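Hello,

Here is the structure you are taking over. Please look at it first, then read my notes below.

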Amino acid sequence: MFTNKKEIILNINRIIFSSLDIREVYETMSKELLKVIDFDRLSVTLITEDNNLYETFVLSKDYAYTELKEGVQYPMEGSLMKRVVQFRQPVIVEDTSKGRFLTDPVLYKEGIHSRLGYPLEHKGRVIGSVNFGSKRKDYYSKKHITFFSQIAPQLAMAIENTRLFNGIKEAEEKYRTVIESSPDIIFECTKDGEFLLMSPSVEKITGYAANQFYENRGYGLSLCHEEDQERVQREILQVLKGQNDSLMDIEFRILHKQGHVVWLSLEMLPMKQNKDIVGIEGFCRDITERKKLDELKDNLVRDVTHELKTPVAKIEMAIDMFERSVTLGDKVSLGRGSQIHEILRNNVNRLKNSIKNILDISKLESGVEPLKLSDISIADLVKQIVFEQKDSASTKNNVLTHQLPAGIPIIKADRDMIYHLINHLVNNAIKFTEHGKIIISARVLSDAVEVTVEDTGRGLDEKTRERVFEKFYKEMPSAFGSGIGLAICKNIVQKHKGRIWVESEGKGKGSRFKFTLPMIVDTKQKVTTNPK
Amino acid sequence: MKELLIVEDDLEMQEFYKDMLEGEPFTVTIVSNAEEGQKKIKEKIYNLVILDILMDGVTGDRFFALLRRDSRYKEVPVIMASALDEKTYRCFQALGNVSFLEKPFNKERLLSEISMRFGSKK
């Protein structure tokens, strides 16, 4: 039986190391092993990290079904393996029907009558065991142990190698998945501008495929916006010279393949080989959206600041004017006095309005202000506003009228809000109309009342029509008003589950602001209306 | 006599300028928008231009850029006036020979700015 012992051992060891993954050659190895040790079942079990479980790493057998399967973990307690590991000694079970291990009856049922467990040691540590199982009772003996002792160390090493190799493979896989699925650009670039790594996301962000970066040295820098190129180059050089060892973060623009500007934030570190800097590595994030938001925020802050500061500035200047008049002539002349008075009054009003508007919109937007629903007559409201605004309209030589058919129903709505809404639309119409007509009309639709404020004034182009209800949108940045009036209007209409829009044939052709209010208002308060 | 051009669309601000500059030893011309300002600068060369920045239509900063394109106005000193602070408009310094006047200002501040800028050739 052990005639070609030496040759077989050499052969088995050759097989063991013929692959980086022991599982790939396990079958071949076990067939070779079968030539010297008879078994019907052979498995390698490994201790898991927490020492309380073991995993069947590989298994071969000549029968179909088994309880103890490959890849599954079992408790150490009470197993043959536990004993093998504990005493670092081979253990033989002569008869599984009388065995003392928990696994014995399980294997007995499968026809395995005797067992041999052999410890696997690597670098002085027991990592698991090799387990032979035979259908014959009392089969294994010392000679098997002696023989296997010449294979076990190599097998243990191969298993450790496999585990190491799998670990690397897994890490690599993870790394690759991270790089391939990252929305950011991950890159490595040598000193000479050669890309060693460029993640595929670069195509989405810049429009250019990763290949183009691999194939062309210094490709990245050439995409840089010309105004930022010098700065980016300077920063990269600094990193390459080792003047900046920590993580560098710069923001710059590039030109997308399609011509538009993309903002990137670049974080980079020097790439080192034996303390020498050989390149840079890092990642780039598309921050265009954030930049746009920043710009929007800056504009918004600027507009609100301007809107609040201007009237205050004029009030201060009017007071200064007053003080100078007093010092000069002891008595303020009547004309000068009324001029100062008017400026003061105008600007206090303007300031008051701006503050009110800003507070209104934050109240409306936060939703803390509930609708105070009551029965209101749109017709009466329109008549009242026309009456109140007539004078103001005529200062710019406008005629303000209404066209109200009979039978406009009473609806449930918040009276103050609807008043504010129509009033604002009329104010706007007056502001942008001179020597013209402003008509407020209403009509009844199947389920809503539609109100139109029409003027013959300045009109709106398409771009403005789309954006006019946005908060702080102004056609002219300097235009009088805080630019939130129409945003408030939209909010009011939305709260009433209505719709608001604007129609205009274009610049200089007047405009029609329209809104609808449903006749049955379904709000959280669960109020339904009874149309009159 | 030195000539001063003010482009300011706010009528109340115009009143402040008139009041503060009354009786000063220079001619003051005030216009309400950039278009009128354009006409004026074609007629003659002013010694100093004061610009409101946020105006309807062509804004002060755009007017300023146009002004510098006119070869006769390459060096003429400009004062930009706004309720916003100087930071917002630092970029215009590139256009040269410009200073900034924050609103509100009083008579003394305006006059000292004007006398400093008159004839200033950078």
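Helix H16 of chain A is followed by A:Lys497, whose phi is positive, near 60 degrees. Helices (H or I, at least four residues) and strands (E, at least two) are DSSP runs, numbered from the N terminus. H16(A) covers residues 485-495. Eight of its 11 residues are buried, so H16(A) is largely enclosed by the rest of the structure. Buried means under 20% relative accessible area, exposed over 50%, and partly exposed in between (1.4 Å probe, protein chains only). Among the buried residues of H16(A) are A:Leu486, A:Ile488, A:Cys489 and A:Val493.

Some ground rules. This is a predicted model, where local features need pLDDT of at least 70, side-chain atom pairs count only at pLDDT 80 or more, and totals for chains, interfaces and linings use all residues. Residues are numbered from 1 along each chain as its sequence is written, chains are lettered from A and ligands numbered from 1 in the order in which they are written, and side-chain values use heavy atoms, with hydrogens and water left out.

Now chain A as a whole. It holds 16 helices and 18 strands. Its radius of gyration (taken over C-alpha atoms) is 43 Å. The C-alpha trace spans about 130 × 70 × 45 Å along its principal axes. Of the 532 residues, 47% count as buried.

Next, a sheet in chain A. It is open, has six strands and runs in the order S3-S2-S1-S6-S5-S4, with antiparallel pairing. Two strands pair if DSSP finds at least two bridges between them. Strands S3 (73-75) and S4 (91-93) are the edges, and each pairs on one side only. S2(A) (residues 53-61) and S3(A) pair over three bridges. There, A:Glu55 stands opposite A:Gln73. Helix H2 (residues 22-33) of chain A packs on the sheet and touches S1, S2 and S6. Contact means heavy atoms within 4.5 Å.

Last, chain B. The axes of helices H1 (residues 11-21) and H4 (residues 107-117) come within 10 Å and cross at roughly 75 degrees. That makes H1(B) roughly perpendicular to H4(B) (65 to 115 degrees; under 35 is roughly parallel, over 145 roughly antiparallel, the rest oblique). Axes are lines fitted to C-alpha atoms, for helices over the stretch in contact, and angles run from 0 to 180 degrees between N-to-C directions. B:Tyr17, B:Met20 and B:Leu21 in H1(B) meet B:Lys107, B:Leu110, B:Leu111 and B:Ile114 in H4(B).

Best wishes

Technical notes: The radius of gyration is taken over C-alpha atoms; the globule rule is 2.2 Å times the number of residues to the power 0.38.
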